[in-house]
Every structure is written in structure tokens, then in C-alpha cells.
Amino acid sequence: MRAITVRDREAGVNGPALEDLPHPHAAENDVIVRVHAAGFTRGELDWPGTWTDRAGRDRTPSVPGHEVSGVVTELGYGTTGLTVGQRVFGLTDWTRDGSLAEYVAVEARNLAPLPADIDHTVAAALPISGLTAWQGLFDHARLTTGQTVLVHGAAGGVGSIAVQLARQAGARVIGTGRSTDRDTVLGLGADTFLALDTDPWAAADQVDVVFDVIGGTVLERSAPLVRAGGTLVTIAHPPTVRPEDGRSVFFVVEPDRARLADLAQRLRDGRLEVRVGSVRPLAEAAAAFAPDRRVDGRTIIRVAE
């Protein structure tokens, strides 16, 4: 099968290449998925799991990409809940070969059925962004109706979904981003937009929750914005600051079949918009890792028609 591989950690975004690999093996409780579309994160080339397995052993050449949408072609021993020929989408394991390939082996529990009226390219943009947004807002920050949440990077993959989910939960939403993102973020349902490059956002009223996807000085400057009893939650890196009389939480998204199914239903109902900005073929996936220009929305790799 054809796949995008990485072999040299020092090569960075210049390292991914298209080559032929053996067909994956379905271990116990696995399924083999014929990949129709795949999502990736440029930062994953820095993740330890891209280069080593769960025991810390080198596993190169490895296949990046951790979001998949496709069709089940094979069941491993003991696999239940899915069938051959079924459309599915979800997350691949962090320390196994990923979705930028024609076929991928995935634990069945990491996948959810994909309704026939959702396109694979849209579905491939949903697992990490959708699950991260949900888990950050509700599992970790415990956002409830009537509270106020500040979402940094509100036009991005995670942030855009967080804005929509928070609004649907009855929260007041403040979104931040570049000044050019204003119309997009307000169109997603945010009550207020603050441009990080021009607006005095650090002087904003205190909020119950800050959801950060940027890190660095943005994360550090956000702690004073959280009112007593509130939560600063981030996916960028473990925080070095904590709100006074509040909590700081860093987390890594986890698979959740039931939540994926709920997010898919929200897509079908028109309650959720997934922002896909560019769709490229597998042959161009290596080039897609390079930050050559800003894409308005997620870049998704179409592997099969």
C-alpha cells in the first residue's frame, strides 16, 4: 500500500515522504480500515509517539495522521461492534501507524459508525477537533449554562467547534484570534470577538473558563482573567500559571465512540459546522506538513474517492 512515512526526527516538516509499505495486520480487537480521508496535525512530528512505541522502542518508518474516515475491510480476532463494509470514522492510536495511508489498523473502540450522508473529508476533520473541544469544555472545565467561556484560537479546528458547542450549551462565548478572523468567529456564534493582535483582550471581564489552544504568553496572560472557582484549560502544553482561587488543566484528547456518534448527529442536524479549508491527495500530503501559507480551515488528505 502507499503511505506517507517519516524516518528522521531531525528532518521536521521536510521528512514526510510517500512510499510503499506492507499491508497492516489486524491485531486482537482491531479493524483494518480502507482510508478514504485522513486528518493530521503538523505538531505531531514532535510527539514522542510518532517515533517510539508504548515501550519506548524506535518504530520508524512510521505513518503519521491520527484522524481517519473510511470503510472497514477486515476484523481482527475478538472484534465486536463493527462489520466489514461499514463506514467508520475516529482516532488512530498515538503510538501506532496512522491514517496517511491507503489502509490502517485501528482499535475498534476508537471508531464510530459514519452516517452515509456525511462526506469522508468532513468526517476526517472531526475526531480530534470535536473530541478535544467537548472534553476540554465539559469534562475538564465543567462548563454549564449561564457561564462565560473565553476560547483562544476560536477560528481554528478545535476553537471553532468549542465556540459552537459552548453556545449550544447556553454559555456566553468570547472568541479570540487574528483580526481577520472576526467575522468567522462571530458567524460561528460567539457573542464577542477580541483580536489578539489589536484588542486589549487582557483587560476583558473575568470569565468562568478559558479554553486555550495557543500556549505561551497567551496562556500565561489568561490566568488573571479566570474568576474565583473557574478553570484555565489548555491543550498546548502543561501550564506554568494557575488562576487565583481556580484550576489549571492540561489534557490530551481520548477516544470516545459515543461522543463521536453525538458529534456526527450534530453535523447531520446542522447544529455543527466543521471548517475544511483544503483537500489534497495523498501524493501531496508530505508537502501539506510545510507551513507554507495559512489555510482558512483544516487541511484534509483525500486518500480514496
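This is a predicted model: local features need pLDDT of at least 70, side-chain atom pairs count only at pLDDT 80 or more; totals for chains, interfaces and linings use all residues.
Pockets come first. Rolling a probe the size of a water molecule over the atoms shows where empty space is left. The largest pocket holds about 1,500 Å³ of space, and 39 residues line it. Those nearest its centre are Thr41, Arg42, Gly157, Val158 and Val213. Helix H2 (127-140), helix H3 (157-168) and strand S15 (298-302) are the elements that give two or more residues to this lining. Sorted by class, the lining of the largest pocket comes out at 18 nonpolar, 12 polar and nine charged residues.

On to the rings: the structure has three aromatic pairs. One of them joins phenylalanine 40 to phenylalanine 289, with 4.5 Å from centre to centre and 35 degrees between the planes, a tilted arrangement. Phenylalanine 40 sits in the loop between strand S3 (30-39) and strand S4 (67-75), while phenylalanine 289 sits in the loop between helix H7 (285-288) and S15, so this pair ties together parts that are 249 residues apart in sequence. Both phenylalanine 40 and phenylalanine 289 are buried.

Another pair brings in tryptophan 47 and tryptophan 94. Their ring centres are 5.7 Å apart and their planes stand at 85 degrees; because edge-to-face pairs are those with planes over 60 degrees apart, this one is edge-to-face. Tryptophan 47 belongs to the loop between S3 and S4, and tryptophan 94 to the loop between strand S5 (87-91) and strand S6 (103-107), so the contact ties together parts that are 47 residues apart in sequence. Tryptophan 47 has a relative accessible area of 30% and is therefore partly exposed. Tryptophan 94, at 26% relative accessibility, also counts as partly exposed, since that class runs between the 20% limit for buried and the 50% limit for exposed.

Arginine 34 lies over the face of tyrosine 103, at 5.2 Å from the ring centre. Over the face of tryptophan 134 lies arginine 259, and here the distance to the ring centre is 3.7 Å.

Definitions and conventions:
Residues are numbered from 1 along each chain as its sequence is written. Side-chain values use heavy atoms; hydrogens and water are left out. On a 1 Å grid over the protein atoms alone, a cavity is a set of points where a 1.4 Å probe fits but cannot get out, and a pocket is an open set with protein on both sides within 12 Å along at least five of seven lines; lining residues have an atom within 4 Å of a point. Grid points are joined across faces, edges and corners, and a volume is the space filled by probe spheres set on the points. Helices (H or I, at least four residues) and strands (E, at least two) are DSSP runs, numbered from the N terminus. Ala, Val, Leu, Ile, Met, Phe, Trp, Tyr, Cys and Pro count as nonpolar, Asp, Glu, Lys and Arg as charged, and the others, Gly among them, as polar. Rings of Phe, Tyr and Trp (its six-membered ring) pair if their centres lie within 6.5 Å; planes under 30 degrees apart count as stacked, over 60 as edge-to-face and the rest as tilted. Buried means under 20% relative accessible area, exposed over 50%, partly exposed in between (1.4 Å probe, protein chains only). A charge sits over a ring if NZ of Lys or CZ of Arg is within 6 Å of the ring centre and within 35 degrees of the ring normal.
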